[in-house]
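Here is a quick tour of some side-chain pairs and helix contacts. Keep the viewer open as you read.

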Amino acid sequence: MNAPSSASTEIPTVYNPKQVEKKWYEFWMREGCFRASSSARKRPYTIVIPPPNITGILHMGHALNNTLQDILVRYKRMRGFETLWMPGTDHAGIATQNVVERSLKEEGLTRQALGRDKFLERVWKWREKYGNTIIRQLQRLGCSCDWERTRFTLDEKMSGAVREVFVRLYEKGLIYRGKRIINWCPRCQTALSDEEVTHKEVTGHLYTIKYAIEGSDEFVAIATTRPETMLGDTAVGCNPKDERYRRLRGKTALLPILNRRLVIIQDERIDPEFGTGALKITPAHDPVDYSLAEKHGLPFINILNSDGTLNEEAGPYQGLDRFEARRRILGELEDRRLLLETKEHVHAVGHCYRCHTVVEPVLSPQWFVRMKPLARPAIAAVKEGKVVFLPERWTKVYLDWMTNIRDWCISRQIWWGHRIPVWYCVGTESCTLKCKEPIVSRTTPEKCPHCGSAALRQDEDVLDTWFSSWLWPFSTLGWPEKNKDLRFFYPTSTLVTGYEIIFFWVARMIMAGFEFMGKEPFREVYIHGIVRDETGSKMSKSLGNVIDPLHVIEDYGADALRFGIVSITSEGQDVYVSKEKLEVGRNFANKIWNASRFVLMNLDEKRAFLKKAPRKASLNSVDRWVLSRLNRVIGWVTASLERCRFNEAASILYEFFWHEFCDWYLEWSKPNIRSKETQWVLHEVLGRSLKLLHPLMPFVTEEIWERLPHEEGVLMRSQWPKVKTGFIDKAVEEEIHLVMSEVQAIRNVRAAWQINPKDFVTVAVRVHRRKETQILQKHSTSIVHLAKVGSLQIGKNIRRPKESAVANIGRVETYVVLSGLIDIQMERQRIETALEDVGKMLKALDGRLKNEEFLKKAPKEVVEREQRRAEELQNRRKLLEENIQSLME
C-alpha cells in the first residue's frame with residue numbers, strides 16, 4: 001500500500017491540519033484502509049456505532065462518543081484484529097417528521113393536506129438531501145468506519161428484520177394490543193414510551209377544591225395540580241384507615257360544575273398524607289387512578305383530543321386548549337366559592353423528549369411488548385459477567401431498571417417509520433368472527449385468510465424508532481439471514497455510549513440479542529458522561545454556550561479536538577469543555593510536529609544504520625533512560641486502552657512526549673546529535689511514540705510517519721509497539737531523575753527570583769551520599785548546559801554562600817548565589833507586596849469556600865476550580881515566605 005507522496009521530502013515549518021487531514025482521509029478511503037472482511041484469518045473486533053439521527057449535525061457529544069470509538073478501533077487494528085466499525089444512521093421518527101412538517105408549514109401546507117404517501121415522498125427527498133450530513137462530519141473527525149457497510153434503519157433489509165421480530169414476538173404472545181394509560185404528546189400527537197418522557201421539576205400550584213356530598217350540606221376537600229382533569233373524574237377515594245373520611249362510606253359526591261355523581265371508594269393505596277388525604281379519581285388520565293378504576297369497576301372518561309384540546313366529554317369547555325380550560329375552570333370554581341385554597345407546589349412534570357411539550361397521561365389503545373420475559377436472560381447475563389459495564393457502577397443502575405421493567409409501548413401515531421405489520425379485514429359480506437382478529441404478517445397479505453376478501457386495511461401506526469435500533473448489533477450484519485458476517489463479527493466487542501440511553505437502547509439491545517441470537521450483543525459497555533460547558537451547564541443554543549466541534553476542527557484541526565476532549569474525559573464522568581481546554585490539543589499537535597521536524601532534519605542521509613539497534617553498552621545514560629521510559633510508557637498506554645481509560649492514556653503520552661522526550665531528551669541529545677547511537681534513539685523513540693499517539697491523533701502522526709524512514713507501510717496498518725523489557729532500567733531512571741530534579745531546582749530558583757535568562761548563575765550543591773555525588777558529578781556538564789550555570793561546585797562539605805537561595809531535593813541541598821544578579825532590597829519589597837496580595841486573595845477565597853450557600857448552589861466544577869486556586873495560592877505564599885527568609889539569612 002503506497003502512501004500519498006508529500007510535496008517535499010523536508011517537513012514544513014508549520015503544521016497545516018486542513019491540508020494534511022484532507023490528504024490522508026482521502027487516501028485511507030481510496031485504499032480501503034477501513035474495510036473489514038469476515039474472511040480474514042484474524043480475531044474479530046467489532047463496534048457498532050450508536051446511529052446518529054438523520055436530522056443531526058455534529059455536536060460535542062458526537063465528537064466525544066465517536067472519538068472514543070475510533071481510538072479503540074484504531075488501537076485494535078494495530079494490535080492485529082480484524083476490526084469492523086459498523087456505521088449507520090437512524091430514521092428518527094418523531095424528530096424527522098417534525099423537521100419536515102416545519103418545512104411544509106413555511107409553504108402553507110400540512111402533512112394531513114398532503115396525505116400519507118405524498119408526505120412520505122417529501123421525507124425521503126429530505127433524507128436524500130440532508131440525511132448524510134452527519135456522516136460527512138464524522139469523516140472530518142477522522143472516524144475509521146467501514147463506510148461501504150453504512151446502514152439506515154429504514155433500509156429494505158433493516159425493515160425486513162423489524163417485521164421478522166414483530167411477527168416472532170406476536171406469535172410468542174409477547175406483543176399485544178391493549179387499552180392502557182400511556183404518555184401522550186399533544187404537539188407530536190403520538191404516544192411516547194416511559195423512557196421518552198423527561199421529568200422536570202417545575203413550580204406549579206396545588207388547588208384544593210370543594211366536592212359536595214349528595215343529599216347533605218357536607219363536602220370533601222380534594223387537592224389537585226391539574227384541575228381541568230376533574231372533568232374526567234368518575235369517583236372520589238380515601239384510605240379506609242383515615243378516620244377523617246369514615247363518615248363518607250357508602251355516600252356519593254357531586255362533581256363541581258358538571259354535577260356528575262361520583263361514587264366514593266376506599267382503598268389502602270390512597271396516600272392519606274398527600275393534600276387533604278381525599279383523592280379525585282380520573283381513570284383515563286392518571287396511571288394510579290387507572291389501576292384503582294380497574295379494581296373497583298369504575299367507568300373511564302377521556303376528556304382530551306389528540307391535540308390537547310378538550311372533547312365533548314368536557315361539556316362547556318369543549319374545544320378549549322387544556323391550559324385555557326384550566327384557567328376558566330379555576331375562575332368558575334372561584335366564582336362559585338368552590339376553590340378553597342391555591343398554594344405553590346414544586347413537582348415533577350413529564351415533558352416530551354423531542355419537543356419539550358408537557359405530556360398528558362391518556363387512556364389509549366396501543367401496541368405493547370411484554371418485557372419481563374425478555375428481561376430475565378438479560379439480567380442474568382450482566383450478573384454472570386457476560387456483559388460488563390465500565391465504569392462498574394452503571395451495573396446497579398441497569399439491574400434496578402431491568403428488575404422493575406414495565407411493558408414497552410411501541411406504537412406511534414406518526415407516518416415516518418416502520419409501519420406496524422398488522423392488517424384488518426374490512427370486508428362486509430362474507431366476514432366471519434375470525435375476521436375481527438388482526439392479521440400479522442411478514443409480507444403484505446393480498447386477502448383475508450378467513451373470508452378471502454381483498455378489502456384489507458393496514459394499521460395506521462408506526463413502530464417506536466427504538467424498535468429498529470434495538471436490533472442494531474445483528475440486523476446491520478444481515479440478520480435474519482445466517483451469513484458469514486453474522487457468524488464472524490457477532491457478538492460485537494465493545495459498545496461506547498452515553499448514560500442517557502442505557503434504558504432507551506443498551507438494555508433493549510441486550511434483551512434482543514438473547515431473544516433472537518441466543519447470545520449477548522456485546523461483551524463490554526463503556527458509559528461516558530454528558531459534555532457540558534465549564535460551569536457544568538448542559539450545552540444548548542438557548543444558553544449560548546455551545547462549542548461547535550466543526551469550528552474547532554476548522555480552527556485547530558481534528559487531532560486537536562480529539563486529543564483535547566479525550567484528555568479531559570474522566571471515566572464515566574461528565575465532561576466540562578471550554579475552547580481553552582481544547583487548545584491543549586492544538587498545542588500538543590504543534591509540539592509533536594516541531595519535535596519531529598527537529599529529528600527529521602538531523603537524521604543523516606545515509607540511514608541504513610537505523611535498521612539495527614546499537615549495542616546497549618554503546619548507549620549513554622540519557623539514551624538508556626529515554627528508552628527505558630519509552631518502554632514503560634508502551635506498557636502503561638496499552639494497559640490504559642485495554643481498560644478503556646482514555647484520559648489516562650492521553651495523560652501518559654502527553655507527559656512522556658512533551659516533557660520527557662521534548663523538554664529533556666531533545667535538549668540532551670543536541671551535543672551528540674551526529675552520533676549514530678543518538679540518531680538511532682531519536683528515530684526509535686519518535687517512531688514508536690507516533691504509533692502510540694496514532695489512535696488519538698491519526699492525522700498528524702500519519703503525516704510524520706510518512707516522512708520517517710521505516711518499512712511498515714501506512715501507520716494505521718502498522719503493528720502496535722511491544723514492550724522491549726531489555727531496555728527497562730530502573731537504576732538509570734533513578735540516576736537521570738536525580739539530574740533532572742537538580743536542573744529543575746536551579747531553574748525554579750531562577751524563575752522565583754526573576755533572574756535574567758541570559759545571566760549565568762553560581763551554584764553550590766551539598767550532597768550527603770556518595771552515590772548521589774558521583775551521579776551529579778558525572779552529569780555536571782549537562783547541569784551546566786541545561787540550567788545556564790557559570791560555576792558549579794558539588795560535594796559533601798559545601799557551605800551555603802551568602803545571599804543565596806536554597807532548594808532542597810531530598811537530602812541534596814542546592815544553593816544559587818543571588819548577589820550581583822538582583823537588587824536585594826527591591827526584591828524584599830516586591831516579595832512583601834506579593835505576600836500581602838496573596839493574603840487578600842486567600843482570605844476572599846477562604847470566605848467563599850466556607851459559605852454553605854456557595855457550596856450548595858455552585859456547579860461542582862466551579863467549586864473544584866476555586867479549591868485548586870486556593871491550593872495554588874497557598875503554595876505561592878509558602879514559596880514567597882521561603883524566598884524572603886532566604887534574604888534574611
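## Salt bridges and helix pairs

Arg412 and Asp464 are both buried (under 20% relative accessible area; over 50% is exposed and in between is partly exposed, using a 1.4 Å probe and protein chains only). This is a predicted model, so local features need pLDDT of at least 70 and side-chain atom pairs count only at pLDDT 80 or more, while totals for chains, interfaces and linings use all residues. Residues are numbered from 1 along each chain as its sequence is written, and side-chain values use heavy atoms, with hydrogens and water left out.

Arg412 and Asp464 form a salt bridge, with the closest N and O atoms 3.2 Å apart. The term means a side-chain nitrogen of Lys or Arg within 4 Å of a carboxyl oxygen of Asp or Glu. This one ties together distant parts of the chain, 52 residues apart: Arg412 sits in strand β17 (residues 411-412), and Asp464 is in the loop between β21 (462-463) and α12 (466-469). Helices here are DSSP runs of H or I with at least four residues, strands are runs of E with at least two, and both are numbered from the N terminus.

How many salt bridges does a search of the whole structure find? The count is 60. Side chains of opposite charge can pair when their charged atoms come close. Another example is Arg629 with Glu660, at 3.1 Å from N to O. That pair also links distant parts of the chain, with Arg629 in helix α19 (residues 621-642) and Glu660 in helix α20 (residues 646-669), 31 residues apart. Arg629 counts as buried because its relative accessibility is 16%, and Glu660 is buried too, at 11%.

Glu384 is exposed, with 55% relative accessibility, whereas Lys386 is partly exposed at 40%.

Now for the helices. Two packed helices are described by the angle between their axes and the distance between the axes. The axes are lines fitted to C-alpha atoms, for helices over the stretch in contact, and angles run from 0 to 180 degrees between N-to-C directions.

| Helix pair | Axes come within | Rough crossing angle |
|---|---|---|
| α2 (residues 60-78) and α6 (residues 133-141) | 11 Å | 60° |
| α10 (residues 372-383) and α11 (residues 394-403) | 10 Å | 155° |
| α23 (residues 730-752) and α25 (residues 780-787) | 10 Å | 30° |

Angles under 35 degrees count as roughly parallel, over 145 as roughly antiparallel, 65 to 115 as roughly perpendicular and the rest as oblique. So α2 and α6 are oblique to each other, and their crossing is right-handed. A crossing gets that label if the near helix is turned clockwise from the far one by less than a right angle, and is left-handed if anticlockwise. In this contact (heavy atoms within 4.5 Å), His62, Ala63, Asn66 and Thr67 of α2 meet Ile134, Leu138 and Leu141 of α6. By class, that comes to 4 nonpolar, 3 polar and no charged residues. Ala, Val, Leu, Ile, Met, Phe, Trp, Tyr, Cys and Pro count as nonpolar, Asp, Glu, Lys and Arg as charged, and the others, Gly among them, as polar.

Stay on α6 for a moment: 7 of its 9 residues are buried, so α6 is largely enclosed by the rest of the structure. Among the buried ones are Ile134, Leu138 and Leu141. Just after α6, Gly142 takes a positive phi of about 100°.

The crossing of α10 and α11 is left-handed. From α10, the contact uses Lys372, Ala375, Ala378, Ile379, Val382 and Lys383, which meet Thr395, Tyr398, Leu399, Met402 and Thr403 in α11. Those residues divide into 7 nonpolar, 2 polar and 2 charged.

As for α23 and α25, they are roughly parallel to each other, and they cross in a right-handed way. Val739, Glu742, Val743, Ile746, Arg747 and Arg750 of α23 make the contact with Ile783, Leu786 and Ala787 of α25. This contact has 6 nonpolar, no polar and 3 charged residues.
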